[in-house]
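Let's take a tour of a protein, one piece at a time. Have the sequence and the 3D view open, and look things up as they are named.

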Amino acid sequence: MAATKMQGRGPSKGNIELFSPTYFAACGLGGIISCGPTHASVTPLDLVKCRRQVEPKIYSSNISAWRSIFAKEGLSGVFFGWAPTAVGYSFQGAGKYGFYEVFKYYYGEKLFPNANKTIVYLGASASAEFLADIALCPFEAVKVRMQTTLPPYASSLREGWTKVTAKEGLGGLYKGLYPLWGRQIPYTMVKFATFETTVNQIYKTLGKPKESYNSLQQTGVSFLGGYIAGIGCAVISHPADVMVSKLNADRQPGESGGKAMTRIYGNIGFRGLWNGLPVRIAMIGTLTAFQWLIYDSFKVSLGLPTTGGH
């Protein structure tokens with residue numbers, strides 16, 4: 001089993017020292033730039049996916065859903081829920097990418113220098129996502145309630161936040177945290193480990209080291225690796241994604257998480273956990289590809305190396 005071997009601390013092609021606090025902060029900023037706008041851009045897909053997860057018969061198809069929503073509410077209706085999506089996933093992106101780079105360095109270079117690379121990727125990504133989801137959860141709770149209730153639970157992020165906290169306290173914003181971890185941690189483990197492994201395999205197949213390719217070619221590899229990783233992410237995390245939507249829309253006051261999930265599963269069954277999967281594969285595959293493209297392009301703009309392929 002291959003051991004992790006990373007570049008030692010030292011200057012990059014720019015002015016940022018690799019694995020310095022400034023480097024990790026830059027990676028966190030790259031995560032904000034790559035996650036917030038991309039998630040917000042696919043709000044129309046997410047809106048229909050969430051509604052069909054909660055009520056499978058609400059629309060006959062995705063196209064009919066968008067036509068119906070646009071006819072009644074215009075473009076703003078198609079992008080309903082974009083604000084909590086953009087804010088929440090910006091915070092999550094900072095934690096996901098920034099802490100991933102931190103944990104990957106400390107696990108692979110400091111704590112377990114002889115560990116298998118894939119184990120390091122999995123451990124670092126799981127640790128990063130655990131923290132990132134604490135920031136994401138309140139905004140995800142508001143988003144899901146806005147998107148899955150008709151008429152809408154709230155018309156804006158501020159209104160939704162105020163209504164939840166007034167009725168349920170801050171705990172109402174975190175009642176979906178455990179299933180969110182259940183969705184996002186496996187998702188992120190697959191996202192990062194598959195991406196790193198795929199990128200390494202692409203360069204191995206090409207037969208030349210990453211450094212022999214220019215920046216455009218390297219970010220092209222990042223895009224391809226991201227799309228492949230995204231497909232795996234969508235499949236492995238989809239049942240938990242359905243349960244998160246159901247819990248935020250249908251959990252009764254005072255009902256425990258375990259009891260709510262048992263009741264919901266009894267209503268929808270195993271097949272119901274896979275409602276909306278084709279849409280999510282298209283959404284997450286494209287989303288993940290562009291996130292890695294944006295993230296690594298941002299790193300290149302700062303004179304930093306792209307991710308993977310070392």
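## Salt bridges across the chain

First, a term you'll need: a salt bridge is a side-chain nitrogen of Lys or Arg within 4 Å of a carboxyl oxygen of Asp or Glu. Keep in mind that what you're looking at is a predicted model. It holds 12 salt bridges. One of them joins the side chains of Lys 143 and Asp 46, with 2.7 Å from N to O. Lys 143 sits in helix H5 and Asp 46 in helix H2 (residues 43-54), so to speak distant parts of the chain, 97 residues apart. Both Lys 143 and Asp 46 are buried.

Now try Glu 101 and Lys 299, whose side chains meet in a salt bridge of 3.4 Å, N to O. Because Glu 101 belongs to helix H4 and Lys 299 to helix H10, this pair ties together parts that are 198 residues apart in sequence. Glu 101 is buried, and Lys 299 is buried too.

Lys 175 has a relative accessible area of 18%, and because buried means under 20%, Lys 175 is buried.

Salt bridges can also join up into a network here: Asp 46, Lys 49, Glu 140, Lys 143, Arg 183, Asp 241 and Arg 280 are linked that way.

## The nonpolar cores

Which residues have the most contacts inside the largest nonpolar core? They are Phe 19, Tyr 23, Tyr 97, Tyr 100, Trp 292 and Leu 304, in a core of 29 residues. The elements giving two or more residues to this core are helix H1 (21-41), helix H4 (82-111), H5, helix H7 (177-206), helix H8 (215-250) and helix H10 (277-301). H7 gives the most, with 6 residues. There's also a second, separate core of 15 residues, and among its members are Ala 65, Val 78, Phe 80 and Val 164.

Let's pick out Tyr 97, which has its place in helix H4. Tyr 97 has a relative accessible area of 0%, so it counts as buried.

Phe 99, Phe 130, Leu 131, Ile 134 and Tyr 174 make a nonpolar surface patch of about 400 Å². Helix H5 (residues 117-148) provides the largest share of this patch, 3 residues. Ile 134 lies in helix H5, and with 34% relative accessibility Ile 134 counts as partly exposed.

## A helix with a bend

Last stop: helix H9 (residues 257-272). H9 has 16 residues, yet its end C-alpha atoms are only 18 Å apart, short of the 22 Å that a straight helix would reach at 1.5 Å a residue. Where does H9 bend? Look at Gly 266, where H9 bends by about 70°. Ala 260, Ile 264, Gly 269 and Gly 272 are buried residues in H9.

Definitions and conventions. Residues are numbered from 1 along each chain as its sequence is written. This is a predicted model: local features need pLDDT of at least 70, side-chain atom pairs count only at pLDDT 80 or more; totals for chains, interfaces and linings use all residues. Side-chain values use heavy atoms; hydrogens and water are left out. Patches are made of residues with over 30% relative accessible area and no salt bridge: like charges are joined within 9 Å, nonpolar side chains (Val, Leu, Ile, Met, Phe, Trp, Tyr) within 5 Å. Accessible areas come from the Shrake-Rupley method with a 1.4 Å probe; for residues, only the protein chains shown count as cover. Helices (H or I, at least four residues) and strands (E, at least two) are DSSP runs, numbered from the N terminus. Buried means under 20% relative accessible area, exposed over 50%, partly exposed in between (1.4 Å probe, protein chains only). The expected span of a helix is 1.5 Å times one less than its number of residues. The bend at a residue is the angle between axes fitted to the seven residues ending there and the seven starting there. A nonpolar core is a set of buried Ala, Val, Leu, Ile, Met, Phe, Trp, Tyr and Cys residues joined through side-chain atoms within 4.5 Å.
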